[in-house]
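Trainee: Hi, could you walk me through this one?
Mentor: Happy to, let's have a look.
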Amino acid sequence: MPSAPPSLQTVPVTLHINGKRHDLDVAPWTTLLDLLREELKLTGTKKGCDHGQCGACTVLVDGVRINSCLSLAVMRNGAEITTIEGLGTPERMHPMQRAFVEHDALQCGYCTPGQICSAVGLVAEGHAESRAEIRELMSGNLCRCGAYTNIADAVEDVLNQQQKAAAE
Amino acid sequence: MLTNERRQVGRAVPRIEGPLKATGRAAYAAEHSEPGLLHGAAVPATIARGRILEIDSRAAKVAFPGIVAIYTHENRPDAAWLDRSWQDDTAPPGHTYRPLQNDRVLFDGQPVAFVVADSFENARDAAALIKVIYERDVPETDLSAKLAERYEPPKKRNGISPPPEPRGKPEQAFDEAHVTISADYFIENEHHNPMELFATTVLYGEDGSLTVYDKTQGSQNAQKFVCNVFSLKQDKVTVINAYVGGAFGSGLRPRHQLFLAVMASLDLKRSVRFEMSRRDMFYLSYRPAMHQTVSLAADAEGRLTAVMHDTVQATSRYEDYQEVVVNWSGLAYRCDNVKLTYGLAKLDAATPGDMRAPGAASGLFALESAMDELSYAAGLDPLELRRRNFVHFDQNENKQLTSKALRACYREGAARFGWERRKPAPRAMREGHELIGWGMATGIWEAQLQSAKARVRLSANGQVIVQAAASDIGTGTYTILAQIAAEALDVLVEEVSVQIGQSDLPETSVEGGSWTAASSGSAVDAACLAIRQRLLDLAQKDKASPLKEATVEEVVIRGGHLRLDVDPKASVAISELMARAGETAIEEEGEVGPDAKQMKKFASYTHSACFVEVRVDEELGLVRVTRVVSAVAAGRILNPKTARSQILGGVVMGLGMSLHEESMIDHRSGRIMNHNLAEYHVPAHADIHDIDVHFVQEFDNKASPIGVKGLGEIGICGVAAAVANAIFHATGIRIRHLPITIDKILAGDKTPTDRAA
């Protein structure tokens, strides 16, 4: 933990991360992103700008996609947090993770966890129906390698699978 | 050449490290840790030129007892003195910048202090409390004000060819020509902005050895730098870059996070991590601003009779950074009267650096815009003009080409795009409130082979390990090396484990210039050939072997057996050969390098034709790039999936270059104003519509031993011109100043000189 000046206390916080309860004492200025990466070693959540401008740090909080760099950990007391590690493992990938690999929707891989968490959040929101909407609603997640068309393919693929499953 | 018909090479194998990346298990430079790890943060200079008078860190020390050390030029530990100790494999000539060396400020954002603390937050916040008092000089950062001070770099940068001598009588041919155009083109600074922040984690070993996780495009280049600068023995330093979150050239040279993290680790005898902020990364390196002039002349049939291309490019005060910018104009098309000139101008800025297709992306913007202008002046279709000037050899160097399937790129790209339906006049196509424009451009990049080694180990049970110090910066290196070994040894890709990105693995140059697949791929292929030779030697120890008369060219590895290619029955089990020799595995090294004899006669390039559709809102000036077709000739394609992604990435960065990307400097202060991803716009999902990547057939048995030419750069080459040309076709407005933002379109057809004035 950061060694806080003596006048400042840490704050007790309970977070449920990837289905596991964590009772933590965190400094009030620690972001959710830094807590995940530095304290809990969940480094799958990436830091790309620390300003909410790139989306690399996207995680799901109570099922909703957020930029974890713009949230202080203490603001999320009691929340259910899903990071990329909680979606799947290399051996048992989430359908979105599988679709990303299949469509080569990643190159360097650094924006990928954020893209995938964002895409999972997007599908859950239920209002992306066309490719144009996918592109628009994924625009908070930058990919400098330029995998955008493949990311849109992957998200579209998962959406279609879900619609098919729902119809059956 | 690879000869196995059981194809792994050429198959669309999904990236083998994909599942690790997609599940967050691939660890990047800042994601290694150990208890007690210290964190660093830099204090960036807030002036672009001047001297440090005083650094006051009292407030920081009072507020943050977690501070372990504060380094400035006044207390920095000693490091190497000679310039050559600081010059890495890719350094340009000059005096390499040394962090915290003295009181001089050479560029905006230069680190003037380095704080090390017990947590990331404490280091960051303490750095913000450090006060620096400067003596300011007036900075010069505006290239357009420095054009008169251009000079030819006295010392050439290694690997960068200066312009060739003029040929023919270009000025006279220009004056006498049937049709001519001449125009000035401008490019502003662009930043690489890989998604991963630059970071180094140094783990300090009990014996004083260092394990360094660094964001770099070359673990061995970084390792040599550390050893040279800190006078360390090679075996005390291991640099690891197993996963690199993009770099695009910015990770070629060792960056100051490496120096500062290692310096603090050695001084404190502790493990230290320094992860830059996004803002810090705008102070590293960038594609330099350029002023270019292109003059073209043609005869009545549209055949070029004169080509002149002049460039003045920005560099820093302390290094002569050079790119190949104008040379492309002497080899892209047939022309006997050519003059190419290239100069530098010094600015108070950090040294620029290689950024995806350095030189070519910039130079081709000017040349290919000019070709478009000439096509209208000559009354010819832009594609037809290029076809009429096709050239099948390198006139700059008077060399044959190893291959050039550019005509196929033109033909097949145009067909996929539907180019024949294009109405020639500008403003002739529209839909609703949008004007539609179709533009195209040629792309060229050098196909290079670098010296490279690789080690391959084949176990009796069929498991294969490939090792090389090569890097995968998102390019697909892991996957293609696995495919090459799998095919040569006839195993599944899943049975190959690829170990790259570590300085103690077989020697490989930096990952850059599009040469890794050709170089490391050929080295792996050579190692596999050596394994086959070893197996044949073992087989031939047996006097009764069915292979006793065979040569290595006549045998193949199939299903765990070494056998005659023409006779499957003449076969020996590999496990049996190894058992007889008392081995459980065979390990061999392969090595490749450029063939000097061949290079005297042949030059090798990749080529592309890029076709672009834009839709421009007539009232708002808003541009959408709705379709791109990129037809590429790059020799053998090892993996269509990852190859396609390389081109997609190049095209997307090219669209950013065309429409969005500009590092804006306030020339009064010499400081960059938009040092964040909200104000420096890189393409986002919504900016990118359909991109069709097409590889034309191209056979090449000289570019590299495995017939590969490389793909990292060619995707961006020509894109910016194709977009500018499409915008002209849509609107009748010629913009010669990148990026083509709305204000420029609304201002209409003014030359950049007007704008600068």
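Mentor: A word on terms to begin with: domain bounds come from an automatic or database domain assignment. This is a predicted model, in which local features need pLDDT of at least 70 and side-chain atom pairs count only at pLDDT 80 or more, while totals for chains, interfaces and linings use all residues. Residues are numbered from 1 along each chain as its sequence is written, and chains are lettered from A and ligands numbered from 1 in the order in which they are written.
Trainee: Thanks! Which domains is chain B divided into?
Mentor: Chain B has domain 1 (18-25 + 449-593), domain 2 (32-138 + 195-247 + 251-281) and domain 3 (149-190 + 286-448 + 600-756).
Trainee: How many residues of domain 1 of chain B are in contact with domain 2 of chain B?
Mentor: 15 residues of domain 1 of chain B contact 18 residues of domain 2 of chain B, where contact means C-beta atoms, placed from the backbone, within 7 Å.
Trainee: And how far apart do the C-alpha centres of those two domains of chain B lie?
Mentor: Their C-alpha centres are 39 Å apart.
Trainee: Switching topic, what does Ile727(B) touch?
Mentor: Leaving out residues up to four places away in sequence, its partners include Gly437(B), Val614(B) and Ile740(B).
Trainee: How many residues of chain A are in contact with chain B?
Mentor: 52 residues of chain A meet 53 of chain B. H3(A) gives the most to chain A's side, with four residues; helices here are DSSP runs (H or I, at least four residues), numbered from the N terminus.

Technical notes:
Two residues are in contact if their C-beta atoms, placed from the backbone, lie within 7 Å. Helices (H or I, at least four residues) and strands (E, at least two) are DSSP runs, numbered from the N terminus.
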